[in-house]
Amino acid sequence: MRPDLVAKYRNQRVPRYTSYPPSPQFSAAVTADDYRRWLGQLTAADTLSLYLHVPFCRSMCWYCGCHTTVVKHEAPIRRYQAALEAEIDAVAGALVPDSTLSRGGGLPPVTHIHFGGGTPTLLPPDAFLSLMDRLAQRFGRPAATAEIAVEIDPRTLTPAMAAALGQGGVTRASLGVQSFDDRVQRAINRIQPYAATAEAVARLRQAGIGGINLDLIYGLPHQTVDSCVQSVTQALELAPDRLSVFGYAHMPSLKAHQGRIETAALPGATQRTEQAAAMAETLEAAGYVAIGLDHYARKDDVMATAYAAGRLKRNFQGYTVDTATALLGFGASAIGRTRGGYIQNKVEVPAYLKAWEAHAAGEGTGWAVAKGLALSDDDRLRADIIEQLMCRFSVDLSDTCRRHGGSLEEILTPATRRALAALADDDMIICDKTRVEVREEARPLVRSVAVLFDAYFDPESGRHSYAV
């Protein structure tokens, strides 16, 4: 990574592009009525990805940017489970015009299930299995090739829960590590000895869960290049199939608990760049393939083969091999996507519970939808362009416009052409007529290329029409 490019572009505020348009563009103009209409338009030719958000943790990690809350008892989790089941019933019912909730004929097959959080494995084992049964009853058994993934905090994974995950058909587990450095762990309020992580991995493999992901973070307080490399080295001892390496985003104005992190202890921009580069070099030397911005996979992993074949995708979970045509989100703050558009549930757990408990009592029809966005043809075209850049680091604009029936002139405006020329002058991209390719040394800055095709971004002023 060239230091001059980092210095020039590191302060540019651009979306992560796990969706397009990004979620700040969502509004309350999209309602539950729109969502029900979009669900009713799905057919057996579609495929479904199901995301269930479980917004609970045993303690708050100070670096966390997720929608989660601390619970000490089981009762709130049981109550939330009941609301999830009410939502599953309602959404499945909306897929079938005659209100039949059985599998019947005509429901799209399920090809991917993901439990995110928070800490989904705080669900009691029987509650997790109940949710899996409910999904099977309402949407049908997942396809034989379906990936069923769950995010895990190794500190709270019990033997009973590991066994339940195996019994429920989980094929992939993503374990949060962040750092094995004791000093860093104390600074972020996440004490997690290496032995605890190793024990969790062993339990999962014993339960028959073959896919293991480990999540690491750089840019945390008191981190150094040496401690980052040491964390990677220890993570490799557990032989994971994939690793994610994210940069910590310090936003105490949005996440108050991040204010407990000592700002003076955070690495500077140059140090963060050196940490990311050292971690990447260590992983690549160990035989892992760099995937997109922040993922690494074994060469024989399906994510690596999808990347090599140009089939990698990107959604709210980051890089994925999930190719489902519709993503249905369940739970507080969960986001879904259909051909018609995006929808997001109410973020706060009490509001989500109130909506579904009223619905279950026959007192409400509004579901828990808070906002969303109806997709236009132009949105779909730009989403395709941005996803290709984020996943493949190249895009043929002419071909993509032709496939969508879009206008190349509206995509390549004079201002966009000038901005692309400036990136080419900086040796960030290769621009050959209508084909754009991000140079390898500039790939960590790919979002600064993708943003030029964001309709809500002004390439001349460098500003968005919404907050990033």
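Mentor: Ground rule before we look: two strands count as paired if DSSP finds at least two bridges between them. Also, keep in mind that this is a predicted model.

Trainee: Okay. How many bridges link β8 and strand β10, and in which sense do they pair?

Mentor: In general, strands of a sheet pair through backbone hydrogen bonds, either parallel or antiparallel. Here β8 and β10 (residues 295-298) are antiparallel, with 3 bridges. In that pairing, Leu243 sits opposite Tyr296 in β10.

Trainee: And which strand does β7 join, and in which direction do the two run?

Mentor: Strand β7 (residues 211-218) runs parallel to β8 (residues 242-247), and 6 bridges join them. Look for Leu214, which faces Leu243 in β8. To get from β7 to β8, the chain goes through helix α8 (residues 225-236), making a right-handed β-α-β crossover.

Trainee: Now the other sheet. In what order do its 3 strands come?

Mentor: The order is β17-β19-β18, in an open sheet with antiparallel pairing. From one strand to the next, the twist averages 10°.

Trainee: Which residue in β19 is the bridge partner of Val395?

Mentor: That's Val436. β17 and β19 (residues 435-438) share 3 bridges, again in the antiparallel sense.

Trainee: What angle does helix α12 make with β17?

Mentor: About 145°; α12 (residues 377-392) lies across β17 and β19. Helix α13 (residues 397-404) lies across β17 and β19 as well, running at about 60° to β17.

Notes: Residues numbered from 1 in each chain as written. Predicted model: local features only at pLDDT ≥ 70, side-chain atom pairs only at ≥ 80, totals over all residues. Heavy atoms only, no water. Helix = DSSP H or I, 4+ residues; strand = E, 2+ residues; numbered from the N terminus. Axes fitted to C-alpha atoms, helices over the stretch in contact; angles between N-to-C directions. Contact = heavy atoms within 4.5 Å. Right-handed = clockwise from strand over helix to strand, strands pointing away.
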